[in-house]
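I hope they are handy when you go through the coordinates yourself.

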Amino acid sequence: MTGQIRPLRSALYLPANRASAVAKARQADCDAVILDLEDAVAPEAKGEAREAAIAAVREGGFGHRMLVVRVNAIDSEWGAKDIAALSQCRPDAVLVPKLCHADEANAYRQELGEGPELWAMLETCIAFTQLGAISAKAAGSKLTTFVLGTNDLALEMRAKLDTARAPFLPLLTQAVISARAHGLSVLDGVFNDIADEGGLEQQCRQGADMGFDGKTLIHPKQLSICNAAFNPSEQEVDRAKAIVAAFDLPENAGKGVIKVDGRMTEILHLREAERTLALHQATQRLGT
Ligand SMILES: CC(C)(COP(=O)(O)OP(=O)(O)OC[C@H]1O[C@@H](n2cnc3c(N)ncnc32)[C@H](O)[C@@H]1OP(=O)(O)O)[C@@H](O)C(=O)NCCC(=O)NCCSC(=O)C[C@H](O)C(=O)O
Ligand SMILES: [Mg+2]
């Protein structure tokens, strides 16, 4: 059995300076909370949001949820102050926006020092032309997680961002492949229409089927649909248990390939089944 898995099915963004949202996030059914200092915060409120983020991180109370702060870009008017301020508190990760080149991740790491994980938004066209180098150099800057920024990407590409996301599918796949090749986690972009539960479910399932670890979200109402889509289904859990049990049978000892419920099943399927069961156990413990 593989080791314990830390689920990252749902990462909830909120403007760091919205106190009622910060309070709700402490109890929300999400695996990560992202306190935003970037696009959800108006220029005149950047200082107030930075102070609120530091206070929220210091106060804690987010339980098992990973606590992430999204800073402004290092070359913006606010980025250096955001990063310096984070030395006063200890978020689990810092999410950097609009990463374009591999060397930028190192620049952020140098400013941050050791400590928080580095997460990076993939949301510029340049980033997708540089993705091989960015992910290959991720270990050097302790970059652990990619987060898709489909709104910014749509803006730069001049593409239509609808529920089915046809123009984005090659990029989403490229992001998943690059992440997996270098052992990174990868989170899908947000779904903007808070009232459209059917559309959200469709897009969460699409992301889960493509291999994303989870999705970023913008409202607590979106959490249960998202968690359900990224949880292994009952059928997947039953199949995983059957595969593990079949390989445990004495007559299958040492075999590389067997038949389970009529299907060819190899050691690679056993590894996949073990991962499914580990994720299932972890989400069962969380109860979400
Ligand atoms: C989109 C919102 C501005 C909607 O806000 P509002 O109209 O006030 O929503 P509600 O009336 O339904 O709120 C009810 C209560 O729920 C709390 N709430 C709302 N949203 C959140 C949240 N995200 N996290 C926690 N709690 C939340 C409210 O505080 C209300 O509580 P109360 O006042 O006690 O009743 C709003 O939902 C929002 O701001 N969402 C997050 C927006 C955000 O962070 N955007 C930036 C990230 S998305 C992005 O940039 C993606 C990427 O970069 C890209 O390029 O794609
Ligand atoms: Mg963005």
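1. Overall make-up. The protein has ten strands and twelve helices. Its radius of gyration is 20 Å, close to the 19 Å that the globule rule gives for 288 residues, so the protein is as compact as a globular protein of that length. Please keep in mind that this is a predicted model. Along the principal axes, the C-alpha trace spans about 70 × 40 × 40 Å.

2. Of the 288 residues, 42% count as buried. If you take the contacts between residues at least 6 apart in sequence, 70% of them join residues at least 24 apart.

3. UniProt, in an unreviewed entry, lists residues 9-220 as "domain: HpcH/HpaI aldolase/citrate lyase". Over that stretch the chain is 40% helix and 19% strand.

4. Strand β1 and its partners. Which strands pair with β1? On one count, β1 and β8 (residues 214-217) pair in the parallel sense over three bridges, with T216 of β8 as the bridge partner of A11. Strand β2 (residues 32-36) also runs parallel to β1, and five bridges join the two; here L12 has V33 as its bridge partner.

5. Cover over β1. Six of the six residues of β1 are buried. Both faces are covered: S10, L12 and L14 lie on one side, with A11, Y13 and P15 on the other.

6. The shell around ligand 1. There are 23 residues around ligand 1, and those that come nearest are Y13, A21, G149, N151 and D152. Three elements, β1 (10-15), α1 (19-25) and α7 (150-157), each supply at least two residues of this shell. Sorted by class, the shell has eleven nonpolar, six polar and six charged residues.

7. The annotated binding site. Which residues does the UniProt annotation "binding site" cover? In the unreviewed entry, they are E123 and D152. Although spread over 30 residues of sequence, they cluster in space, with a largest C-alpha distance of 5.5 Å.

8. E123, buried or exposed? E123 is buried, because 23 other C-beta atoms lie within 10 Å. Its place is the loop between β5 (117-122) and α5 (125-129). Not counting residues up to four places away in sequence, E123 touches K98, L148, G149, D152 and L153.

9. D152 by comparison. D152 is found in helix α7. Leaving out residues up to four places away in sequence, D152 touches K98, E123 and T124. K98 is also on the list of residues that E123 touches.

10. R70 belongs to strand β3 (residues 66-70). Why is R70 classed as buried? Because 26 other C-beta atoms lie within 10 Å of R70. Apart from neighbours within four places in sequence, R70 is in contact with I34, D36, L37, E38, L95 and P97. The C-alpha atoms of R70 and W119 are separated by 8.8 Å, while the two residues are 49 residues apart along the chain.

Terms used. Residues are numbered from 1 along each chain as its sequence is written. Chains are lettered from A and ligands numbered from 1 in the order in which they are written. This is a predicted model: local features need pLDDT of at least 70, side-chain atom pairs count only at pLDDT 80 or more; totals for chains, interfaces and linings use all residues. A residue is near a molecule or strand if its C-beta atom, placed from the backbone, lies within 6 Å of it. Helices (H or I, at least four residues) and strands (E, at least two) are DSSP runs, numbered from the N terminus. Ala, Val, Leu, Ile, Met, Phe, Trp, Tyr, Cys and Pro count as nonpolar, Asp, Glu, Lys and Arg as charged, and the others, Gly among them, as polar. A residue is buried if 20 or more other C-beta atoms lie within 10 Å of its own, exposed if 12 or fewer, and partly exposed in between; C-beta atoms are placed from the backbone. Two residues are in contact if their C-beta atoms, placed from the backbone, lie within 7 Å. UniProt positions are given in the numbering used here, feature names are shortened, and annotations may be inferred rather than shown by experiment. The radius of gyration is taken over C-alpha atoms; the globule rule is 2.2 Å times the number of residues to the power 0.38. Two strands pair if DSSP finds at least two bridges between them.
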